[in-house]
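Please read it alongside the sequence and the model shown here.

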Amino acid sequence: MITYLEEAGQFQLDTPNASYVLTLADEGYLLHTYWGKRIAPQDLSDLLRLNDPPFVPSKNERERASFMDCAPFEYPCAGIGDYREAAFCLQNEHGARACDLRYVSHRIYNGKYNPRAIPHTWGNGCESLDIKMIDAPTGVEVTLHYTVFEGIDAIIRSATLENCGDRDVTLVRAFSASVDLDDDRFEMISLYGSWARERQAERLPLRHGKQRLDSGRGESSHQYSPFFALVRPETTEQQGEAYGFTLIWSGDFTLQAELTQFCQTRAQIGAQTDDFLWRLSTESEFDTPEAVLVYSAEGIGAMSRSFHKLFSDHLIRSDYRYIERPVLINNWEATYFDFNLEKLKTIADEAAKLGIELFVLDDGWFGRRDSDNCSLGDWTPDERKLPGGLKPLTDHITGKGMQFGLWFEPEMISPDSDLFRAHPDYAVGIEGRARTQSRAQYVLDYSRRDVRDAVWEQMKKILDSAPISYIKWDMNRQLTEEPYAGYSLEYMRGVYQMLERLVTEYPDILLESCSGGGARFDPGMLYYSPQIWASDDTDAKERLRIQHGASLFMPPAAIGSHVSVCPNHATGRVTPFETRANVAMFGTFGYELDVTQLSEDERAQIPEQIARWHSISRLVRDGCLWRLGNPFRPSGYAAQQNADYDAWIFVSADKSEAVFTYVQITAEANMKSRRILLAGLDPDADYAYTIRGTEDIKSGAYLMQCGVMLPNLWGDMQSVQTTLQKL
Ligand code: GLA
């Protein structure tokens, strides 16, 4: 998978359909040479244009600056004539910023380097390349790590920095990856959003200058996601080139693309913002998180499927990535804070009757938490609501044959809590400055071990007190008043340590991470939790967009997705119960409502929905997703699309079965039936399927080239779901 052509000084990483090539040029510069469709190893150095006017050879000392400002550097350095965005920047004690990395040595080996104490890809069947470089004046060594896994079109990059010099330096920037692409014919797909409106996809042409998205919030955020793709203007879901980038990290990040004076594109991703400063004292080391780079010549869909496969096979560690997960019911939208033992039991009894398998008790069970104004940090059951603690409730629930799950928000502390009264210093803050509240809470200083231990002891007591088989780990605010430069990185490492402790000591617990909906919906969290609550917006129509956006880089089986009541609590919209379930099946599938309040008709649909889910969930978990529609408004990302419907199909790896879902978002009067071309099937096989009671058999070729006919359905948000069985 990795070759080195000594004569040409060329490293080549090959994945099934792509090649990534680097060249060791004169004077030890490492230059990016090619990234695209797979090509046989050969000398590609003329692509570097080293003899092309106005470019000049690096040996030409007189014009070195013009070389520095146009050469395609693999890990560009600040302060020495490359005025594009740097990937690496060091600062000395006077605040002077410059560095100049030159090649020292390299190593190609089986296995991979794992960044220490942070989430990373893992597993057998991989090969790696390490290239060591040095900034001679400071003695700082940088090792660039590259890994490819067998059978997956993805390249994993990270960097380790080691101060081997005799003076401390400050790290101003250390991105995980930077790539210089040779032209400017790109559009950028990125994700923006807000609370309850996460992961809205946007697609806009690159223009000269810099286009950047970032988070300095201490979380990957609702507002932007650590993902972007550069695609050709003609690229669609199934055709054309797409270059995707993401980061295995849950905190601050920057992603950017810069279109340069020579109409080339520099694309970068790293786990920090411009405010980052890190003291790299002598003999200390620093690992960047891993970036994942995916090239697809077959559209945006194939790019997403490469991310999905890599993350399912080599990032998620939980056994639940391949096994059936229980269908849950969560009481948040059913009761909010207003519950007691009797009410919970009534909901649980009805849920058990309908075949729901896991009961999740959300916020409000601890301290004196009747609203979100207090008690975070006091993880003891509220005897007023739960006399005798959790045990009577869990006994009742397990007695009904259901599992039990519990909500925690372990990173937070309410000013009105016993923990804060005893330890006000546990909250993140700057001495002499008031702390900013958000949702009436402060953030615990997770960079401190004693603080983490204090929370851990409380959590452990609860986990050992009752049969808890699921945890929802929430995080409902952003960082403010960070006490020192680089703090948010230390904070994130502390969170990862706690999560590591949890999954190591309680490996059988199904963990669902959450952050005020989807503010930490990122690959970093996947390392610990196989599913992540995607949004507090459970409206089926809005979920089409949120889930489509999320699936651009995250596996659909990781998308926490529930059926809730109508009028929807976030939008007031009324949609059919059946469609709410069909949409929630693009994800984990569960319920978040009071089953006792449903109509008889709705209640009657639940056992069938659960049975259907169990028959198709393997396809959602292990199959390939093909997005066939685009629910975004007809602007930006969906310029050429029809936002009146959405459709998708999950196809098993052997193409023997599939599940197809179609949603008519808006009904139109006097409209013809709609023809949807399926994808991903075996063209030569026949498939049996049923649409609205009508059985049919068609070949894969027919279904993909001629399509299926969907009747004009009566009303908005009507939907159809069918399995397709190969005959
Ligand atoms: C966050 C979560 C919700 C719910 C509430 C409880 O907003 O996203 O699902 O758990 O907190 O306070």
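A residue is called buried when its relative accessible area is under 20%, exposed when that area is over 50%, and partly exposed in between, with a 1.4 Å probe and protein chains only. Seven of the eight residues of helix 11 (residues 577-584) are buried, so this helix is largely enclosed by the rest of the structure. The model is a predicted one, in which local features need pLDDT of at least 70 and side-chain atom pairs count only at pLDDT 80 or more, while totals for chains, interfaces and linings use all residues. Residues are numbered from 1 along each chain as its sequence is written, and side-chain values use heavy atoms, with hydrogens and water left out.

**Ligand site**
- Oxygen atoms of the ligand lie 2.6 Å from a polar side-chain atom of Asp363, 3.0 Å from an N or O atom in the side chain of Arg439, and 2.7 Å from a polar side-chain atom of Lys472.
- Taken alone, the ligand exposes 300 Å², of which the protein buries 97%, with areas from the Shrake-Rupley method and a 1.4 Å probe.

**Glu74**
- Glu74 sits in the loop between helix 1 (64-68) and strand 5 (88-91), and this residue is buried, at a relative accessible area of 0%.
- Its side chain makes polar contacts (a pair of N or O atoms within 3.5 Å, within protein one able to donate a hydrogen and the other to accept it, and for residues adjacent in sequence only if both are side-chain atoms) with the side chains of Tyr146, at 2.6 Å, and Arg157, at 2.9 Å.
- Beyond its neighbours within four places in sequence, Glu74 is in contact (heavy atoms within 4.5 Å) with residues including Tyr20, Leu22, His32 and Ser178.

- Helices (H or I, at least four residues) and strands (E, at least two) are DSSP runs, numbered from the N terminus.
- Helix 10 (residues 540-551) is mostly covered, with eleven of its twelve residues buried, among them Glu542, Arg543 and Arg545.
- The N-terminal end of helix 10 is capped by Asp539, whose side-chain oxygen lies 2.9 Å from the backbone nitrogen of Lys541.
- In helix 11, the buried residues include Phe577, Arg580 and Asn582.
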